[in-house]
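This briefing sets out the strand arrangement, selected residues and the pocket of one structure. Please consult the sequence and the three-dimensional view alongside the text.

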Amino acid sequence: MALNNLLVAVDDSEGSRKAVDIAVDIATPNPDAHVDVAYVVNIPLLNESQSVNFKDILDMMMDDGKQLLEDVVAGMGDVADRAEALLLTGVSPATELVKLIEQRNYDLVIIGNRGLSGVQEYMGSVSHKVLHGSTVPVLVAK
């Protein structure tokens with residue numbers, strides 16, 4: 001099975017950096033491989049008045065996400081030319097990533113694991129939720 005369409009989910013964690021390295025290792029020998037690099041800006045549920053006050057903070061979060069994506073793609077070497085940065089927003093990063101997986105024809109999803117364990121891993125891990133919600137294989141980098 002050729003791995004031509006990869007999704008790597010990123011944040012600012014060590015597991016995320018490992019996930020990017022794995023995606024680059026997979027894509028480098030395959031000139032047909034394309035890598036989508038996705039970051040989700042986590043937006044809390046707010047009422048209308050709270051949203052107005054949150055706009056400046058959201059703008060900063062969006063700018064930080066764009067910068068993170070630019071830095072990640074720039075560090076992908078030759079694969080950067082075959083990578084696309086995707087900035088997503090939503091209440092749940094895992095839900096937004098699963099929606100993206102359903103919309104696009106990925107062969108593999110690569111996501112980092114922050115090293116949570118026990119109840120924290122089960123209840124709060126984005127990688128755990130993506131692993132169980134994805135319709136395609138998911139590789140979790142530790």
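Leaving aside its neighbours within four places in sequence, which residues is glutamate 96 in contact with? Beyond those neighbours, glutamate 96 contacts Val40, Leu88, Thr89 and Gly90, where contact means heavy atoms within 4.5 Å. The model is predicted: local features need pLDDT of at least 70, side-chain atom pairs count only at pLDDT 80 or more, and totals for chains, interfaces and linings use all residues. Residues are numbered from 1 along each chain as its sequence is written, and side-chain values use heavy atoms, with hydrogens and water left out.

**The sheet**

- Five strands form an open sheet in the order β3-β2-β1-β4-β5, with parallel pairing; helices (H or I, at least four residues) and strands (E, at least two) are DSSP runs numbered from the N terminus, and two strands pair if DSSP finds at least two bridges between them.
- The edges are formed by β3 (83-90) and β5 (138-141), each of which pairs on one side only.
- On average, neighbouring strands of this sheet are turned by 20° against each other, direction ignored; axes are lines fitted to C-alpha atoms, for helices over the stretch in contact, and angles run from 0 to 180 degrees between N-to-C directions.
- Helix α2 (residues 48-74) packs on the sheet, where it touches β2 and β3, and its direction makes about 160° with that of β2.

**Strand β4 and its partners**

- Strand β1 (residues 5-9) runs parallel to β4 and is joined to it by four bridges.
- Within this pairing, leucine 6 has leucine 108 of β4 as its bridge partner, and valine 8 has isoleucine 110.
- β4 is also joined to β5 by four bridges, and these two strands run parallel; the bridge partner of glycine 112 in β5 is alanine 141.
- Five of the five residues of β4 are buried, that is, under 20% relative accessible area, whereas exposed means over 50% and partly exposed lies in between (1.4 Å probe, protein chains only).
- Both faces of β4 are covered, with Leu108, Ile110 and Gly112 buried on one side and Val109 and Ile111 buried on the other.
- In a regular strand the side chains alternate between the two faces of the sheet.

**Individual residues**

- Glutamate 96 belongs to helix α3 (residues 93-103) and counts as buried because its relative accessibility is 16%.
- Proline 29 lies in the loop between α1 (14-27) and β2 (34-42) and is exposed, with a relative accessible area of 63%.
- From proline 29 to leucine 108 the separation is 79 residues in sequence and 16 Å in space, C-alpha to C-alpha.
- Alanine 80 sits in the loop between α2 and β3; this residue counts as buried, since its relative accessibility is 18%.
- Alanine 80 and leucine 100 are 20 residues apart in sequence and 20 Å apart in space, C-alpha to C-alpha.

**The largest pocket**

- The largest pocket holds about 460 Å³ of space; a pocket is an open set of points on a 1 Å grid over the protein atoms alone, with protein on both sides within 12 Å along at least five of seven lines, and lining residues have an atom within 4 Å of a point.
- It is lined by 23 residues, of which Val10, Asp11, Pro93, Arg114 and Val126 are the closest to its centre.
- Two or more lining residues come from each of β2, α3, β4 (108-112) and α5 (126-133), and β2 gives the largest share, five residues.

How values were computed:
1 Å grid on protein atoms, 1.4 Å probe; cavity = no way out; pocket = protein on both sides within 12 Å on 5 of 7 lines; lining within 4 Å. Points joined across faces, edges and corners; volume = space filled by probe spheres on them.
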